[in-house]
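Please keep the sequence and the model in view while reading.

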Amino acid sequence: MIKFRNSVKMLFSLTLMLSLIVGCTSGNTATEQKENGSTALQSSDDPFKEHIEISLATWDIDTLLQKAGEDKIYQDLLKKFNISIKPVNVSWDDYAQKYQLWSASGQLPDIFQTDAIGTQYYKKWVTQNVVKALPEDMSAYPNLAKYFEAPDIAGLNEEGKFYNIPRRMFPDIKWSVLDRTVMYRWDLAKEAGITKEPDTYEEFNAMLKAIIDKDPEQKKISGLTASTPKFIGGFFWLYGNPVATSDGSGSDFKWIKEDGKFIPAVFSKNALPAIENMRKMYENNLIDKDIALQKPDAAYDKFVSGKSAALLAGGGFLGMDSNIYEKRWKTAYPDKDFTESVKVLKPLIGPDGNRYHSMFKTYWSESYISANVNDKKMDRILRMYDYILSPEGKDLLTYGIKDVDYKVENGKKVSIGDKTLLEKYPAKGIFAGLASLDTSDAYNMDNPTIGNEKIRQEAVDFINWSLENTNTPDYDIRLTYMSTPTKDKFTIFDHDDLLKIMLSTEPVDKMWTDIVNGYKAKGLDQMIEEVNAKAKEEGIE
(Lines give C-alpha, C1' and ligand atoms only; values in the text may rest on other atoms or scores of the structure.)
Protein backbone atom coordinates (compact mmCIF):
# COMPACT_ATOMS: atom_id res chain seq x y z
CA MET A 1 0.00 0.00 0.00
CA ILE A 2 1.39 3.42 -0.95
CA LYS A 3 1.56 5.70 2.06
CA PHE A 4 0.99 9.44 2.07
CA ARG A 5 0.94 12.31 4.54
CA ASN A 6 -2.47 13.82 5.21
CA SER A 7 -1.63 16.59 7.66
CA VAL A 8 -1.49 19.22 4.95
CA LYS A 9 -4.90 18.19 3.69
CA MET A 10 -6.36 18.87 7.14
CA LEU A 11 -4.54 22.20 7.42
CA PHE A 12 -5.76 23.34 4.01
CA SER A 13 -9.34 22.31 4.73
CA LEU A 14 -9.31 24.16 8.07
CA THR A 15 -7.80 27.28 6.54
CA LEU A 16 -10.36 27.27 3.74
CA MET A 17 -13.28 26.76 6.14
CA LEU A 18 -12.17 29.57 8.47
CA SER A 19 -11.53 31.93 5.57
CA LEU A 20 -14.98 31.30 4.12
CA ILE A 21 -16.61 31.95 7.49
CA VAL A 22 -14.80 35.28 7.79
CA GLY A 23 -15.69 36.18 4.19
CA CYS A 24 -19.37 35.41 4.71
CA THR A 25 -19.59 37.92 7.58
CA SER A 26 -18.37 40.83 5.49
CA GLY A 27 -21.85 41.87 4.28
CA ASN A 28 -22.07 43.97 1.12
CA THR A 29 -18.32 44.29 0.70
CA ALA A 30 -18.19 40.98 -1.20
CA THR A 31 -20.22 39.35 -3.93
CA GLU A 32 -20.33 35.80 -5.16
CA GLN A 33 -18.94 35.46 -8.68
CA LYS A 34 -21.16 32.76 -10.09
CA GLU A 35 -20.40 33.56 -13.69
CA ASN A 36 -16.88 32.14 -13.54
CA GLY A 37 -17.88 28.82 -11.99
CA SER A 38 -16.27 29.78 -8.69
CA THR A 39 -17.75 30.52 -5.30
CA ALA A 40 -14.95 33.00 -4.60
CA LEU A 41 -15.87 36.07 -2.56
CA GLN A 42 -14.64 39.24 -4.20
CA SER A 43 -14.93 43.00 -3.79
CA SER A 44 -17.74 44.72 -5.67
CA ASP A 45 -15.19 46.10 -8.15
CA ASP A 46 -14.71 44.12 -11.34
CA PRO A 47 -11.60 41.97 -10.70
CA PHE A 48 -11.01 41.74 -14.46
CA LYS A 49 -11.37 45.44 -15.24
CA GLU A 50 -7.73 46.09 -16.06
CA HIS A 51 -6.19 44.32 -19.07
CA ILE A 52 -3.15 42.24 -18.14
CA GLU A 53 -0.56 40.54 -20.33
CA ILE A 54 0.67 37.19 -19.01
CA SER A 55 3.78 35.56 -20.43
CA LEU A 56 3.51 31.78 -20.56
CA ALA A 57 6.15 29.17 -21.35
CA THR A 58 5.20 25.62 -22.18
CA TRP A 59 6.33 22.98 -24.62
CA ASP A 60 5.93 23.98 -28.28
CA ILE A 61 3.47 26.76 -27.44
CA ASP A 62 4.17 28.47 -30.77
CA THR A 63 2.81 25.42 -32.59
CA LEU A 64 -0.21 25.16 -30.31
CA LEU A 65 -1.12 28.79 -30.97
CA GLN A 66 -0.74 28.74 -34.75
CA LYS A 67 -4.53 28.66 -35.19
CA ALA A 68 -5.47 30.43 -31.97
CA GLY A 69 -7.44 33.05 -33.88
CA GLU A 70 -9.85 30.34 -35.08
CA ASP A 71 -10.37 28.90 -31.59
CA LYS A 72 -13.53 30.37 -30.07
CA ILE A 73 -12.97 28.84 -26.64
CA TYR A 74 -9.44 30.22 -26.43
CA GLN A 75 -10.54 33.68 -27.57
CA ASP A 76 -13.56 33.71 -25.24
CA LEU A 77 -11.37 32.89 -22.25
CA LEU A 78 -8.94 35.67 -23.12
CA LYS A 79 -11.90 38.06 -23.09
CA LYS A 80 -13.37 36.55 -19.92
CA PHE A 81 -10.21 37.17 -17.93
CA ASN A 82 -9.28 40.31 -19.90
CA ILE A 83 -5.80 39.02 -20.60
CA SER A 84 -3.47 38.43 -23.48
CA ILE A 85 -1.02 35.56 -23.60
CA LYS A 86 2.58 36.26 -24.57
CA PRO A 87 3.95 32.87 -25.67
CA VAL A 88 7.48 31.88 -24.68
CA ASN A 89 8.50 28.78 -26.58
CA VAL A 90 10.49 25.89 -25.17
CA SER A 91 11.08 22.49 -26.74
CA TRP A 92 11.35 19.04 -25.24
CA ASP A 93 15.10 19.19 -25.84
CA ASP A 94 15.89 22.52 -24.21
CA TYR A 95 13.20 23.37 -21.64
CA ALA A 96 15.16 22.42 -18.49
CA GLN A 97 18.26 24.32 -19.59
CA LYS A 98 16.27 27.40 -20.59
CA TYR A 99 14.44 27.63 -17.26
CA GLN A 100 17.68 27.33 -15.32
CA LEU A 101 19.26 30.04 -17.46
CA TRP A 102 16.25 32.37 -17.16
CA SER A 103 15.99 31.83 -13.41
CA ALA A 104 19.65 32.77 -12.97
CA SER A 105 19.21 35.94 -15.03
CA GLY A 106 15.83 36.99 -13.61
CA GLN A 107 14.08 36.50 -16.96
CA LEU A 108 11.55 33.79 -16.16
CA PRO A 109 8.12 34.21 -17.80
CA ASP A 110 5.13 34.86 -15.54
CA ILE A 111 3.99 31.22 -15.77
CA PHE A 112 6.19 28.34 -16.84
CA GLN A 113 5.74 24.58 -16.86
CA THR A 114 8.36 21.96 -16.16
CA ASP A 115 9.00 18.75 -14.21
CA ALA A 116 11.23 20.11 -11.45
CA ILE A 117 9.94 18.41 -8.30
CA GLY A 118 12.83 16.70 -6.52
CA THR A 119 15.55 18.44 -8.48
CA GLN A 120 18.31 20.60 -7.04
CA TYR A 121 17.17 23.64 -8.99
CA TYR A 122 13.66 23.29 -7.59
CA LYS A 123 15.13 23.63 -4.10
CA LYS A 124 17.03 26.73 -5.21
CA TRP A 125 13.93 28.29 -6.76
CA VAL A 126 12.16 27.94 -3.41
CA THR A 127 14.96 28.99 -1.06
CA GLN A 128 16.16 31.86 -3.27
CA ASN A 129 12.62 33.19 -3.91
CA VAL A 130 12.78 32.60 -7.65
CA VAL A 131 9.20 31.28 -7.74
CA LYS A 132 6.22 32.76 -5.94
CA ALA A 133 4.44 30.92 -3.15
CA LEU A 134 0.69 30.57 -3.32
CA PRO A 135 -1.19 32.65 -0.74
CA GLU A 136 -1.82 31.07 2.64
CA ASP A 137 -5.43 32.31 2.42
CA MET A 138 -6.92 30.55 -0.60
CA SER A 139 -10.56 31.38 0.14
CA ALA A 140 -10.83 33.47 -3.03
CA TYR A 141 -9.86 30.39 -5.07
CA PRO A 142 -11.85 27.49 -3.56
CA ASN A 143 -11.56 25.13 -6.54
CA LEU A 144 -7.80 25.54 -6.52
CA ALA A 145 -7.66 25.12 -2.74
CA LYS A 146 -9.59 21.87 -2.97
CA TYR A 147 -7.22 20.66 -5.68
CA PHE A 148 -4.40 20.68 -3.13
CA GLU A 149 -6.22 18.22 -0.90
CA ALA A 150 -5.17 15.25 -3.05
CA PRO A 151 -2.74 13.24 -0.86
CA ASP A 152 0.32 13.17 -3.13
CA ILE A 153 -0.16 16.85 -4.01
CA ALA A 154 -0.70 17.88 -0.39
CA GLY A 155 2.65 16.27 0.41
CA LEU A 156 4.46 18.84 -1.75
CA ASN A 157 4.23 21.65 0.81
CA GLU A 158 7.44 23.36 1.88
CA GLU A 159 6.96 24.35 5.52
CA GLY A 160 3.27 24.84 4.93
CA LYS A 161 3.57 26.70 1.62
CA PHE A 162 3.08 25.58 -1.96
CA TYR A 163 5.35 26.87 -4.71
CA ASN A 164 3.76 25.22 -7.73
CA ILE A 165 0.52 23.85 -9.09
CA PRO A 166 1.01 20.20 -10.12
CA ARG A 167 -0.66 19.23 -13.38
CA ARG A 168 -2.65 16.24 -12.19
CA MET A 169 -3.39 13.49 -14.67
CA PHE A 170 -4.90 10.53 -12.89
CA PRO A 171 -7.07 9.70 -9.87
CA ASP A 172 -4.97 6.68 -8.94
CA ILE A 173 -1.45 5.33 -9.50
CA LYS A 174 -2.79 2.42 -11.58
CA TRP A 175 -3.73 4.88 -14.30
CA SER A 176 0.01 5.26 -14.91
CA VAL A 177 -0.41 2.38 -17.33
CA LEU A 178 -1.35 5.10 -19.85
CA ASP A 179 1.90 7.00 -19.45
CA ARG A 180 3.94 4.59 -21.55
CA THR A 181 1.87 2.78 -24.13
CA VAL A 182 3.15 0.55 -26.91
CA MET A 183 1.17 0.63 -30.15
CA TYR A 184 1.76 -2.04 -32.74
CA ARG A 185 0.72 -2.64 -36.35
CA TRP A 186 -1.79 -5.45 -35.92
CA ASP A 187 -2.65 -5.32 -39.63
CA LEU A 188 0.94 -6.13 -40.54
CA ALA A 189 1.14 -8.77 -37.82
CA LYS A 190 -1.86 -10.59 -39.30
CA GLU A 191 -0.31 -10.42 -42.76
CA ALA A 192 2.79 -11.99 -41.22
CA GLY A 193 0.74 -14.92 -39.92
CA ILE A 194 0.15 -13.84 -36.30
CA THR A 195 -3.32 -14.80 -35.08
CA LYS A 196 -3.17 -13.93 -31.37
CA GLU A 197 -2.45 -10.61 -29.68
CA PRO A 198 0.62 -10.99 -27.44
CA ASP A 199 0.34 -11.64 -23.70
CA THR A 200 3.98 -12.41 -22.86
CA TYR A 201 7.34 -10.95 -23.81
CA GLU A 202 8.06 -14.09 -25.79
CA GLU A 203 4.86 -13.63 -27.82
CA PHE A 204 5.53 -9.93 -28.34
CA ASN A 205 9.05 -10.66 -29.56
CA ALA A 206 7.76 -13.39 -31.86
CA MET A 207 5.23 -10.99 -33.35
CA LEU A 208 7.89 -8.33 -34.00
CA LYS A 209 10.18 -10.91 -35.61
CA ALA A 210 7.38 -12.17 -37.85
CA ILE A 211 6.56 -8.64 -39.06
CA ILE A 212 10.22 -7.83 -39.72
CA ASP A 213 10.88 -11.10 -41.52
CA LYS A 214 7.73 -10.89 -43.66
CA ASP A 215 7.98 -7.11 -44.20
CA PRO A 216 4.47 -7.12 -45.77
CA GLU A 217 4.81 -3.69 -47.40
CA GLN A 218 8.46 -4.15 -48.42
CA LYS A 219 9.62 -1.05 -46.52
CA LYS A 220 12.53 -2.62 -44.62
CA ILE A 221 10.44 -2.35 -41.49
CA SER A 222 12.16 -2.16 -38.11
CA GLY A 223 10.90 -3.31 -34.71
CA LEU A 224 10.06 -1.21 -31.66
CA THR A 225 10.84 2.52 -31.79
CA ALA A 226 10.06 5.31 -29.29
CA SER A 227 8.86 8.89 -29.54
CA THR A 228 11.74 9.89 -27.24
CA PRO A 229 14.57 7.83 -25.70
CA LYS A 230 13.54 9.06 -22.23
CA PHE A 231 10.53 6.73 -22.40
CA ILE A 232 12.35 3.41 -22.82
CA GLY A 233 12.53 2.58 -19.11
CA GLY A 234 8.74 2.79 -19.00
CA PHE A 235 8.62 -0.40 -21.05
CA PHE A 236 11.81 -2.35 -20.38
CA TRP A 237 11.69 -2.04 -16.57
CA LEU A 238 8.28 -3.72 -16.56
CA TYR A 239 10.13 -6.99 -17.07
CA GLY A 240 10.26 -7.67 -13.32
CA ASN A 241 11.37 -4.27 -11.97
CA PRO A 242 8.40 -1.91 -12.52
CA VAL A 243 9.09 0.44 -9.59
CA ALA A 244 12.22 1.56 -11.44
CA THR A 245 10.13 3.35 -14.08
CA SER A 246 10.74 7.11 -14.01
CA ASP A 247 9.62 10.22 -15.83
CA GLY A 248 13.09 11.09 -17.15
CA SER A 249 13.69 14.05 -14.82
CA GLY A 250 16.39 12.18 -12.93
CA SER A 251 14.86 12.97 -9.54
CA ASP A 252 11.61 11.02 -9.28
CA PHE A 253 13.23 7.67 -8.51
CA LYS A 254 11.28 5.51 -6.10
CA TRP A 255 12.52 3.44 -3.17
CA ILE A 256 11.86 -0.16 -2.17
CA LYS A 257 12.98 -2.22 0.78
CA GLU A 258 15.37 -4.97 -0.18
CA ASP A 259 17.36 -7.08 2.28
CA GLY A 260 16.16 -4.93 5.15
CA LYS A 261 17.23 -1.57 3.67
CA PHE A 262 15.57 1.09 1.50
CA ILE A 263 17.29 1.46 -1.87
CA PRO A 264 16.37 3.18 -5.16
CA ALA A 265 14.36 0.59 -7.10
CA VAL A 266 16.64 1.07 -10.12
CA PHE A 267 19.37 -0.77 -8.20
CA SER A 268 17.20 -3.71 -7.18
CA LYS A 269 18.38 -7.27 -7.73
CA ASN A 270 15.61 -7.43 -10.34
CA ALA A 271 17.31 -4.81 -12.51
CA LEU A 272 19.74 -7.12 -14.28
CA PRO A 273 17.16 -9.55 -15.75
CA ALA A 274 15.18 -6.58 -17.13
CA ILE A 275 18.30 -5.12 -18.74
CA GLU A 276 19.34 -8.47 -20.19
CA ASN A 277 15.88 -8.87 -21.74
CA MET A 278 16.25 -5.43 -23.35
CA ARG A 279 19.71 -6.23 -24.78
CA LYS A 280 18.46 -9.56 -26.13
CA MET A 281 15.65 -7.78 -27.99
CA TYR A 282 18.13 -5.30 -29.47
CA GLU A 283 20.61 -7.99 -30.51
CA ASN A 284 17.77 -9.88 -32.21
CA ASN A 285 16.95 -6.75 -34.26
CA LEU A 286 13.57 -6.31 -32.57
CA ILE A 287 14.36 -2.72 -31.56
CA ASP A 288 14.80 0.10 -34.07
CA LYS A 289 18.53 0.76 -34.51
CA ASP A 290 17.82 4.51 -34.52
CA ILE A 291 15.78 4.51 -31.30
CA ALA A 292 18.35 6.62 -29.46
CA LEU A 293 17.99 9.42 -32.04
CA GLN A 294 14.23 9.51 -32.45
CA LYS A 295 12.16 12.66 -32.13
CA PRO A 296 8.37 12.52 -31.61
CA ASP A 297 7.15 13.56 -35.07
CA ALA A 298 9.70 11.40 -36.85
CA ALA A 299 8.72 8.40 -34.74
CA TYR A 300 5.00 8.95 -35.40
CA ASP A 301 5.68 9.21 -39.14
CA LYS A 302 7.80 6.09 -39.07
CA PHE A 303 5.09 4.08 -37.37
CA VAL A 304 2.20 5.25 -39.57
CA SER A 305 4.19 4.82 -42.77
CA GLY A 306 4.91 1.18 -41.92
CA LYS A 307 8.64 1.58 -41.25
CA SER A 308 8.42 0.47 -37.61
CA ALA A 309 6.27 -2.34 -36.29
CA ALA A 310 5.67 -0.84 -32.84
CA LEU A 311 5.89 2.52 -31.13
CA LEU A 312 6.45 3.38 -27.47
CA ALA A 313 4.92 6.77 -26.69
CA GLY A 314 3.33 8.82 -23.93
CA GLY A 315 -0.17 10.20 -23.65
CA GLY A 316 -2.12 6.95 -23.75
CA PHE A 317 -5.06 6.78 -26.15
CA LEU A 318 -5.37 10.57 -26.20
CA GLY A 319 -1.85 10.82 -27.61
CA MET A 320 -2.52 8.03 -30.04
CA ASP A 321 -5.78 9.61 -31.19
CA SER A 322 -4.17 13.03 -31.66
CA ASN A 323 -0.70 12.24 -32.98
CA ILE A 324 -1.36 9.02 -34.87
CA TYR A 325 -5.00 8.85 -35.97
CA GLU A 326 -6.08 12.48 -36.40
CA LYS A 327 -2.84 13.99 -37.73
CA ARG A 328 -1.60 11.08 -39.81
CA TRP A 329 -3.58 7.89 -40.14
CA LYS A 330 -6.92 9.12 -41.45
CA THR A 331 -5.12 11.07 -44.18
CA ALA A 332 -2.76 8.25 -45.13
CA TYR A 333 -5.39 5.50 -44.92
CA PRO A 334 -8.86 7.10 -45.23
CA ASP A 335 -10.55 3.77 -45.99
CA LYS A 336 -8.69 1.63 -43.45
CA ASP A 337 -10.23 0.91 -40.02
CA PHE A 338 -7.74 2.21 -37.48
CA THR A 339 -8.84 -0.03 -34.61
CA GLU A 340 -8.44 -3.11 -36.80
CA SER A 341 -4.99 -2.01 -37.87
CA VAL A 342 -3.41 -0.61 -34.70
CA LYS A 343 -3.58 -2.13 -31.22
CA VAL A 344 -2.23 -1.00 -27.85
CA LEU A 345 -0.16 -3.63 -26.07
CA LYS A 346 -1.64 -4.83 -22.80
CA PRO A 347 0.93 -5.01 -19.97
CA LEU A 348 2.78 -8.25 -20.57
CA ILE A 349 3.18 -11.17 -18.18
CA GLY A 350 6.63 -10.89 -16.65
CA PRO A 351 9.12 -13.45 -15.32
CA ASP A 352 7.24 -13.74 -11.99
CA GLY A 353 3.92 -14.43 -13.70
CA ASN A 354 2.46 -10.98 -12.99
CA ARG A 355 1.53 -8.05 -15.21
CA TYR A 356 2.81 -4.65 -14.08
CA HIS A 357 2.05 -1.11 -15.13
CA SER A 358 4.56 1.73 -15.26
CA MET A 359 4.74 3.70 -12.02
CA PHE A 360 4.51 7.48 -11.92
CA LYS A 361 2.91 10.12 -9.74
CA THR A 362 -0.74 11.04 -10.29
CA TYR A 363 0.55 14.32 -11.72
CA TRP A 364 3.21 15.04 -14.27
CA SER A 365 5.05 18.36 -14.30
CA GLU A 366 4.07 21.55 -12.57
CA SER A 367 3.07 25.15 -13.25
CA TYR A 368 5.25 27.77 -11.57
CA ILE A 369 4.66 31.49 -11.14
CA SER A 370 7.66 33.78 -11.26
CA ALA A 371 8.49 35.73 -8.11
CA ASN A 372 8.55 38.85 -10.32
CA VAL A 373 4.76 38.67 -10.71
CA ASN A 374 3.02 41.41 -8.71
CA ASP A 375 -0.01 40.79 -6.49
CA LYS A 376 -2.53 42.07 -9.05
CA LYS A 377 -1.26 39.74 -11.77
CA MET A 378 -0.96 36.90 -9.26
CA ASP A 379 -4.64 37.31 -8.38
CA ARG A 380 -5.61 37.24 -12.06
CA ILE A 381 -3.55 34.10 -12.65
CA LEU A 382 -5.05 32.30 -9.66
CA ARG A 383 -8.61 33.27 -10.66
CA MET A 384 -7.88 31.81 -14.07
CA TYR A 385 -6.62 28.57 -12.51
CA ASP A 386 -9.62 28.47 -10.20
CA TYR A 387 -12.02 28.72 -13.14
CA ILE A 388 -10.18 26.02 -15.07
CA LEU A 389 -10.66 23.69 -12.09
CA SER A 390 -14.31 24.64 -11.56
CA PRO A 391 -17.11 22.36 -12.85
CA GLU A 392 -18.02 24.93 -15.51
CA GLY A 393 -14.45 25.39 -16.64
CA LYS A 394 -13.72 21.67 -16.73
CA ASP A 395 -16.85 21.00 -18.81
CA LEU A 396 -15.97 23.74 -21.29
CA LEU A 397 -12.38 22.61 -21.75
CA THR A 398 -13.27 18.92 -21.83
CA TYR A 399 -16.51 18.80 -23.83
CA GLY A 400 -16.59 22.11 -25.65
CA ILE A 401 -19.51 24.55 -25.82
CA LYS A 402 -22.87 23.27 -24.63
CA ASP A 403 -25.51 22.92 -27.37
CA VAL A 404 -22.80 23.53 -29.96
CA ASP A 405 -20.37 20.68 -29.34
CA TYR A 406 -22.46 18.57 -27.01
CA LYS A 407 -25.90 18.26 -25.52
CA VAL A 408 -27.16 16.61 -22.37
CA GLU A 409 -29.53 13.66 -22.79
CA ASN A 410 -30.73 11.64 -19.80
CA GLY A 411 -28.00 13.17 -17.69
CA LYS A 412 -25.24 12.25 -20.15
CA LYS A 413 -23.21 14.47 -22.45
CA VAL A 414 -23.59 13.56 -26.11
CA SER A 415 -21.34 14.93 -28.84
CA ILE A 416 -23.21 16.76 -31.60
CA GLY A 417 -20.37 18.40 -33.51
CA ASP A 418 -19.21 17.27 -36.94
CA LYS A 419 -15.56 17.97 -36.09
CA THR A 420 -13.35 16.72 -33.28
CA LEU A 421 -12.59 19.20 -30.50
CA LEU A 422 -8.92 19.08 -31.49
CA GLU A 423 -9.77 20.29 -34.98
CA LYS A 424 -12.24 22.90 -33.84
CA TYR A 425 -10.35 24.27 -30.84
CA PRO A 426 -6.64 23.73 -31.52
CA ALA A 427 -5.50 26.19 -28.83
CA LYS A 428 -7.86 25.49 -25.94
CA GLY A 429 -5.35 23.02 -24.57
CA ILE A 430 -3.20 25.98 -23.50
CA PHE A 431 -5.79 26.71 -20.81
CA ALA A 432 -6.75 23.10 -20.16
CA GLY A 433 -3.16 22.12 -19.42
CA LEU A 434 -2.34 24.98 -17.06
CA ALA A 435 -3.63 23.42 -13.87
CA SER A 436 -4.56 19.87 -14.73
CA LEU A 437 -4.05 17.34 -17.46
CA ASP A 438 -6.80 15.14 -15.93
CA THR A 439 -6.79 12.77 -18.87
CA SER A 440 -8.82 10.15 -17.03
CA ASP A 441 -11.99 12.11 -17.84
CA ALA A 442 -11.61 11.18 -21.50
CA TYR A 443 -11.80 7.44 -20.78
CA ASN A 444 -15.56 7.45 -20.76
CA MET A 445 -17.93 6.72 -23.64
CA ASP A 446 -19.92 9.87 -22.76
CA ASN A 447 -16.83 12.03 -23.25
CA PRO A 448 -16.35 13.32 -26.82
CA THR A 449 -12.64 14.19 -26.44
CA ILE A 450 -11.74 11.18 -28.59
CA GLY A 451 -13.98 11.81 -31.59
CA ASN A 452 -13.68 8.37 -33.16
CA GLU A 453 -16.07 6.20 -31.14
CA LYS A 454 -14.25 2.97 -31.98
CA ILE A 455 -11.00 4.36 -30.61
CA ARG A 456 -12.89 5.69 -27.59
CA GLN A 457 -14.32 2.24 -26.91
CA GLU A 458 -10.87 0.68 -27.24
CA ALA A 459 -9.58 3.25 -24.72
CA VAL A 460 -12.33 2.51 -22.20
CA ASP A 461 -11.87 -1.25 -22.60
CA PHE A 462 -8.10 -0.95 -22.18
CA ILE A 463 -8.14 1.08 -18.98
CA ASN A 464 -10.89 -1.04 -17.44
CA TRP A 465 -8.95 -4.20 -18.24
CA SER A 466 -5.67 -2.74 -16.95
CA LEU A 467 -7.16 -1.55 -13.67
CA GLU A 468 -8.48 -5.05 -13.11
CA ASN A 469 -5.49 -7.10 -14.25
CA THR A 470 -2.26 -5.23 -13.47
CA ASN A 471 -0.33 -5.16 -10.20
CA THR A 472 1.08 -2.28 -8.14
CA PRO A 473 4.20 -3.26 -6.17
CA ASP A 474 4.80 -1.83 -2.71
CA TYR A 475 6.76 1.41 -2.33
CA ASP A 476 6.57 4.58 -0.24
CA ILE A 477 6.22 7.91 -2.09
CA ARG A 478 7.44 9.80 0.99
CA LEU A 479 10.96 8.56 0.28
CA THR A 480 10.84 10.09 -3.20
CA TYR A 481 9.92 13.45 -1.67
CA MET A 482 12.35 13.12 1.23
CA SER A 483 15.15 15.69 1.44
CA THR A 484 18.67 14.81 2.60
CA PRO A 485 21.97 16.58 1.77
CA THR A 486 23.12 13.95 -0.72
CA LYS A 487 19.71 13.06 -2.13
CA ASP A 488 18.92 16.70 -2.98
CA LYS A 489 21.84 16.68 -5.43
CA PHE A 490 21.53 13.11 -6.68
CA THR A 491 20.09 12.26 -10.09
CA ILE A 492 19.49 8.91 -11.80
CA PHE A 493 19.04 9.13 -15.55
CA ASP A 494 18.19 5.49 -16.04
CA HIS A 495 17.22 5.96 -19.70
CA ASP A 496 20.79 7.04 -20.45
CA ASP A 497 22.12 3.97 -18.66
CA LEU A 498 19.72 1.68 -20.51
CA LEU A 499 20.64 3.17 -23.88
CA LYS A 500 24.33 2.80 -23.16
CA ILE A 501 23.87 -0.89 -22.38
CA MET A 502 21.46 -1.50 -25.24
CA LEU A 503 23.82 -0.11 -27.87
CA SER A 504 27.00 -1.73 -26.52
CA THR A 505 28.47 -5.14 -27.23
CA GLU A 506 30.10 -5.48 -23.81
CA PRO A 507 28.66 -8.06 -21.38
CA VAL A 508 25.53 -6.72 -19.75
CA ASP A 509 26.44 -7.74 -16.20
CA LYS A 510 29.84 -6.05 -16.43
CA MET A 511 28.37 -2.84 -17.81
CA TRP A 512 25.68 -2.75 -15.13
CA THR A 513 28.27 -3.27 -12.39
CA ASP A 514 30.32 -0.40 -13.82
CA ILE A 515 27.25 1.85 -13.93
CA VAL A 516 26.33 1.06 -10.32
CA ASN A 517 29.91 1.74 -9.24
CA GLY A 518 29.73 5.06 -11.07
CA TYR A 519 26.68 6.02 -9.01
CA LYS A 520 28.48 4.92 -5.85
CA ALA A 521 31.31 7.28 -6.74
CA LYS A 522 28.70 10.06 -6.88
CA GLY A 523 27.43 9.27 -3.38
CA LEU A 524 24.88 6.45 -3.81
CA ASP A 525 25.85 4.64 -0.61
CA GLN A 526 25.87 7.89 1.37
CA MET A 527 22.42 8.79 0.05
CA ILE A 528 21.07 5.36 1.00
CA GLU A 529 22.44 5.73 4.53
CA GLU A 530 20.93 9.21 4.91
CA VAL A 531 17.53 8.14 3.63
CA ASN A 532 17.39 5.06 5.85
CA ALA A 533 18.40 7.07 8.90
CA LYS A 534 15.78 9.74 8.24
CA ALA A 535 13.13 7.12 7.45
CA LYS A 536 13.81 5.53 10.83
CA GLU A 537 13.46 8.93 12.54
CA GLU A 538 10.12 9.51 10.82
CA GLY A 539 8.81 6.04 11.53
CA ILE A 540 8.80 4.89 7.92
CA GLU A 541 9.27 1.15 7.82
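By class, the residues that line the largest cavity comprise 10 nonpolar, four polar and two charged ones. In this classification Ala, Val, Leu, Ile, Met, Phe, Trp, Tyr, Cys and Pro count as nonpolar, Asp, Glu, Lys and Arg as charged, and the others, Gly among them, as polar. The model is a predicted one, in which local features need pLDDT of at least 70 and side-chain atom pairs count only at pLDDT 80 or more, while totals for chains, interfaces and linings use all residues. Residues are numbered from 1 along each chain as its sequence is written, and side-chain values use heavy atoms, with hydrogens and water left out.

The largest cavity has a volume of about 140 Å³, and a search of the whole structure finds four cavities of 30 Å³ or more. A cavity here is a set of points, on a 1 Å grid over the protein atoms alone, where a 1.4 Å probe fits but cannot get out; lining residues have an atom within 4 Å of a point. Grid points are joined across faces, edges and corners, and a volume is the space filled by probe spheres set on the points. Of the 16 residues lining the largest cavity, Arg180, Phe235, Leu238, Leu345 and Pro347 lie nearest its centre. Two elements, β7 (181–185) and α10 (233–236), each supply at least two residues of this lining. Helices (H or I, at least four residues) and strands (E, at least two) are DSSP runs, numbered from the N terminus.

Strand β7 also takes part in the surroundings of helix α12: the buried residues of α12 pack against β7, β8 (222–226), β11 (308–313), α13 (316–332) and β12 (342–344). Those buried residues of α12 (residues 296–304) are Ala299, Tyr300, Lys302, Phe303 and Val304. Buried means under 20% relative accessible area, exposed over 50%, and partly exposed in between, with a 1.4 Å probe and protein chains only. Just after α12, Gly306 takes a positive phi of about 85°.

Thr245 lies in the loop between α10 and β9 (255–258), and it counts as buried because its relative accessibility is 0%. Its side chain reaches two backbone atoms, the oxygen of Pro242 at 2.8 Å and the nitrogen of Met359 at 2.8 Å. Setting aside residues up to four places away in sequence, Thr245 touches Gly233, Gly234, Trp237, Leu238, Lys254, Ser358, Met359 and Phe360, where contact means heavy atoms within 4.5 Å. Leu238 was named above among the residues nearest the centre of the largest cavity.

Ser249 is placed in the loop between α10 and β9 as well, and it counts as buried because its relative accessibility is 13%. The side chain of Ser249 makes a polar contact of 2.7 Å with the side chain of Asp247, and another, of 3.3 Å, joins the side chains of Ser249 and Ser251. A polar contact is a pair of N or O atoms within 3.5 Å; within protein, one must be able to donate a hydrogen and the other to accept it, and residues adjacent in sequence count only if both atoms are side-chain atoms. Beyond its neighbours within four places in sequence, Ser249 is in contact with Asp115 and Phe493.

Met384 belongs to helix α15 (residues 375–388) and, at 1% relative accessibility, counts as buried. Apart from residues up to four places away in sequence, Met384 touches Ile54, Phe81, Ile83, Ile111, Phe431 and Leu434. Met384 and Leu434 are 50 residues apart along the chain, and their C-alpha atoms are separated by 9.3 Å.

Asp60, in the loop between β3 (52–59) and α2 (61–64), has a positive phi of about 55° although it is not a glycine; Asp60 is partly exposed, with a relative accessible area of 29%. Asn410, in the loop between β14 (406–409) and β15 (412–415), has a positive phi near 55° and is likewise not a glycine; with a relative accessible area of 82%, Asn410 is exposed.

Finally, the chain may be considered as a whole. There are 23 helices and 15 strands, and 56% of the 541 residues count as buried. Residues 24 or more positions apart account for 76% of the contacts with a separation of 6 or more. Along its principal axes, the C-alpha trace spans about 75 × 60 × 45 Å.

Notes:
1 Å grid on protein atoms, 1.4 Å probe; cavity = no way out; pocket = protein on both sides within 12 Å on 5 of 7 lines; lining within 4 Å.
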